[in-house]
Amino acid sequence: MRIQTAIVCLLLLAKGALAQPDSLLIPPEEDFSKYADVVEAPTKRYCTSKVLGISPSRLITLAYDFQGSNSLNAGALEQFSSEKAAITNNHGMRFSANFPVISNVRWLLNLGINYLENKYTFGGGARQHPLHQSLMQNGLRSYGFNATVFKPFNEKYFSIIQGMAEFNGDLSLKDVPSLTQAKISASFILGRKYHDRLMAGIGLSRAYRGGELIYVPVVLYNYTSPGKKWGIEALLPVRAHFRYTVNARNMLFAGFELEGSSYRLNNLVQAHPGLINRNIELRRAELRPRVMYDFSLYKFIWISLQAGYRINFRYQLDEGDFYRSSFGKEIPYLSENKLSNTWYGQISINLVSP
Amino acid sequence: MMKTYTFVSIFLFCSFLLLTGKAGENIPESKILGVWEVGSGKARVKIFQYGQKFGGRIVWLKEPKYPDGTPKIDKNNPDETKRQVPLLGFMNMTGFVEKGSGKYEEGTIYDPENGSTYNCTVELVDDNTLEVRGFIGVSLFGRTDTWKRVLLKNK
């Protein structure tokens, strides 16, 4: 009876073995031409959020940003006269994580967090100006939370809604930022997917990227050439890059990114009780023309190397958070500063999306 | 003697059922079976059942040949020995187990565009729409593609 049972087991195992994928890896002798002549089953189609050949989405990023020496000429601030200081370097870690919490044919919800720090190392000599002292002791930090919704209406048209709350300031890691001082950004884009290699859209954004609150039109443009060797990835005026695809695991980029925000300087104010204005913010904005090389280190782990020039076009002290309309009367800054331009480099390790 | 005869009869009957698949005849055919066009429209995948699992094979490519006229091969495969395998007929989905409610899990999907293999789940949204989610480790780190069913004109 044991032998009989064993025979049945062997038969069952043989059946299982026949079902293993290894035996199916060899393509069947089949006339594949019949799969060319088809009709689509009736169903509603929706466009996707990407174009063919676009750089992979970054789920988790850990980066180190390093900038070369430059100088900061801090303007007069109340009883403090202007003071120029040499900055040996400016560096800091960056972290961001983006999770596609809901991702299906009808809509996509992406939630994210980000952390960014700027640590300043000044050259020798005592610094009297409050801005210099605050940057030396605290640097600048940002904590942000963001949500993005991609909503396709059909095969061609889609909308993107993005919202972000950021806490920026001369915060130490121990400081708990006040909710009332959050910088709220939002964007709305209506777009069209012309084909699998081109999507474009136009919209409006409330943003702090230029260092202070602005309302600005935005243009989305993602394109890949028919040969898939080059393309454009742009969200103007925030960023735009030409992309050259060496192969699926190596990509080169050239373009720019606009970076900045308005930073609440609470620690500066607390360290200088004599200051009359207790509501000071730093409007920081820089344009980063750059080149990047992104490559796959191992499967979904990508390294990004970038180098470029940092054009610091805004670094002013201002009072509180308000909208300085371009059409209104000229409102002077609290203190006019000049941060000189310099080169920078950044290396990041990324977990990318499939 | 009678006992042995009975066993041989049962054995032969079971063998017939197992090898011909007739035992499963009363089980309703899974709605996932058939030919599906991927979201980009660049390929069609035929999903079939093997044993208790489901897999998929590339049966059509929008651009089946390179500019020089040679058939496309799996040139991005991390295993160098497999880079000459033709993409047409390639089994790019394996190991899916039906979990009910139109969901199929525990499978993997291979992307010939970059030579990566992802964990994968698929779900029937309706009879003609399939959501295919490739992910890394946990489903949160992934991307969903929507496939549409196509019907052959000449079977």
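**Entry 1: ground rules.** I kept in mind that the model is predicted, that local features need pLDDT of at least 70 and side-chain atom pairs count only at pLDDT 80 or more, while totals for chains, interfaces and linings use all residues. Residues are numbered from 1 along each chain as its sequence is written, and chains are lettered from A and ligands numbered from 1 in the order in which they are written.

**Entry 2: chain A as a whole.** I looked up the confidence first, pLDDT being the predictor's confidence in each residue, from 0 to 100; chain A has a mean pLDDT of 88, with 91% of its residues at 70 or more. Over residues 5-21 of chain A, pLDDT stays under 50, and the model has 15 contacts beyond four places in sequence for that stretch, a contact meaning that two C-beta atoms, placed from the backbone, lie within 7 Å. Where pLDDT is low, the predicted coordinates should not be read in detail.

I then listed the secondary structure of chain A, which comes to 3 helices and 17 strands; helices (H or I, at least four residues) and strands (E, at least two) are DSSP runs, numbered from the N terminus. Chain A is more spread out than a compact globule, because its radius of gyration is 27 Å, well over the 20 Å that the globule rule gives for 354 residues; the radius is taken over C-alpha atoms, and the rule is 2.2 Å times the number of residues to the power 0.38. Along the principal axes, the C-alpha atoms of chain A fill a box of roughly 100 × 50 × 35 Å. Of the contacts in chain A between residues at least 6 apart in sequence, 60% join residues at least 24 apart.

**Entry 3: burial and helix α2(A).** I counted a residue as buried if 20 or more other C-beta atoms, placed from the backbone, lie within 10 Å of its own, as exposed if 12 or fewer do, and as partly exposed in between. By that count 29% of the 354 residues of chain A are buried. Helix α2(A), residues 130-137, is largely enclosed by the rest of the structure, because 6 of its 8 residues are buried: Pro130(A), Leu131(A), His132(A), Gln133(A), Ser134(A) and Leu135(A). The cover over these buried residues includes β3, β4, β5, α3 and β15 of chain A. After α2(A) comes Gly139(A), with a positive phi near 65°.

**Entry 4: backbone points.** I found a cis peptide bond from Leu236(A) to Pro237(A), with omega near 5°, and Pro237(A) is placed in the loop between β11 and β12 of chain A. Glu78(A), in the loop between β3 and β4 of chain A, has a positive phi near 50° although it is a residue other than glycine. Glu106(B), in strand β5 of chain B, is not a glycine either and has a positive phi of about 70°. With 14 C-beta neighbours inside 10 Å, Glu106(B) counts as partly exposed.

Entry 5: I followed the pairing at the start of the strand order, where two strands pair if DSSP finds at least two bridges between them. Strands β1(B) and β2(B) run antiparallel with 4 bridges, and they form a hairpin with 5 residues between them, Gly41(B) in the turn having a positive phi of about 80°. Strands β2(B) and β3(B) are joined by 8 bridges, also antiparallel, with Ile47(B) opposite Gly56(B).

**Entry 6: where the chains touch.** I noted that 49 residues of chain B are in contact with 41 residues of chain A. On the chain B side, β8(B) gives the largest share, 11 residues. That side divides into 21 nonpolar, 19 polar and 9 charged residues, with Ala, Val, Leu, Ile, Met, Phe, Trp, Tyr, Cys and Pro counted as nonpolar, Asp, Glu, Lys and Arg as charged, and the others, Gly among them, as polar. Strand β1 of chain A, residues 38-40, is joined to β8(B) by 3 bridges in an antiparallel run, where Val39(A) has Leu151(B) as its bridge partner.
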